[in-house]
Amino acid sequence: MQIAVEQGAFLTMLARLMHARRAVEVGTFTGYSAICIARGLADGGRLLCCDVSEEWTAIARRYWMRAGLEDRIELRLAPAIDTLRGLPATPEIDLAFVDADKTGYGAYYDELLPRLRPNGLIVFDNALWGGSVVDSTDPSAVALRALADRVHADPRVDAVLLGVADGLLLARKR
Ligand SMILES: C[S@@+](CC[C@H](N)C(=O)[O-])C[C@H]1O[C@@H](n2cnc3c(N)ncnc32)[C@H](O)[C@@H]1O
């Protein structure tokens, strides 16, 4: 379930380019993508990680310690939609990475975008869904297709879909 190494390097580069201080991750698993984002944060930066699995994120915590990043990562174990809804409504997030349940992506977009600062970025993984995003009736493919259509038509953002690994959909707030 872990992202590809080139996606990890890309996330680190994005965080550095943006001088990101406030980042949010939806879907943490064993912690690799979080390490990539946290490594790219500016001094004093913080990454909030959302996941529901105590088992997988226990491994994440271990590797964050080894990477010396535990002081800049906060983990919240709860359905991500609840965590996001509980965040301040102010637009202060620089960078968000979404890689959890695909049918939830639309709701995550709705919660993240108002909390993103202008020029902030949301990155969605699995935008290609193995190619099946084009015409599959699988619920995840349908949700990912609907999200891509929504983001591309949304006047609040600039969007680009990159064919890196399983596809990254980027939405930059105008
Ligand atoms: C694809 S994995 C994330 C991989 C991770 N980004 C990485 O690169 O290592 C998806 C994760 O989303 C979590 N997840 C699934 N549904 C969730 C939900 N509703 N709220 C929060 N986390 C969820 C799962 O527990 C799993 O750890």
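Strands β6 and β7 form a hairpin with five residues between them, and Ala 165 in the turn has a positive phi of about 55°. This is a predicted model, in which local features need pLDDT of at least 70 and side-chain atom pairs count only at pLDDT 80 or more, while totals for chains, interfaces and linings use all residues. Residues are numbered from 1 along each chain as its sequence is written, and side-chain values use heavy atoms, with hydrogens and water left out.

**The hairpin**
- Strand β6 (residues 157-162) and strand β7 (residues 168-173) run antiparallel and are joined by six bridges, where strands are DSSP runs of E with at least two residues, numbered from the N terminus, and pair if DSSP finds at least two bridges between them.
- Leu 161 stands opposite Leu 169 in β7.

**Around the ligand**
- Of the 19 residues around the ligand, Ile 3, Gly 27, Ser 33, Asp 51 and Asp 99 come nearest (a residue is near if one of its heavy atoms lies within 4 Å).

- A nitrogen atom of the ligand lies 2.8 Å from an N or O atom in the side chain of Ser 33.
- A polar backbone atom of Ala 80 is 2.9 Å from a nitrogen atom of the ligand.
- An oxygen atom of the ligand is 3.2 Å from a backbone N or O atom of Phe 29.

How values were computed:
Polar contact = N/O pair within 3.5 Å; in protein donor to acceptor, adjacent residues only side chain to side chain. Helix = DSSP H or I, 4+ residues; strand = E, 2+ residues; numbered from the N terminus.
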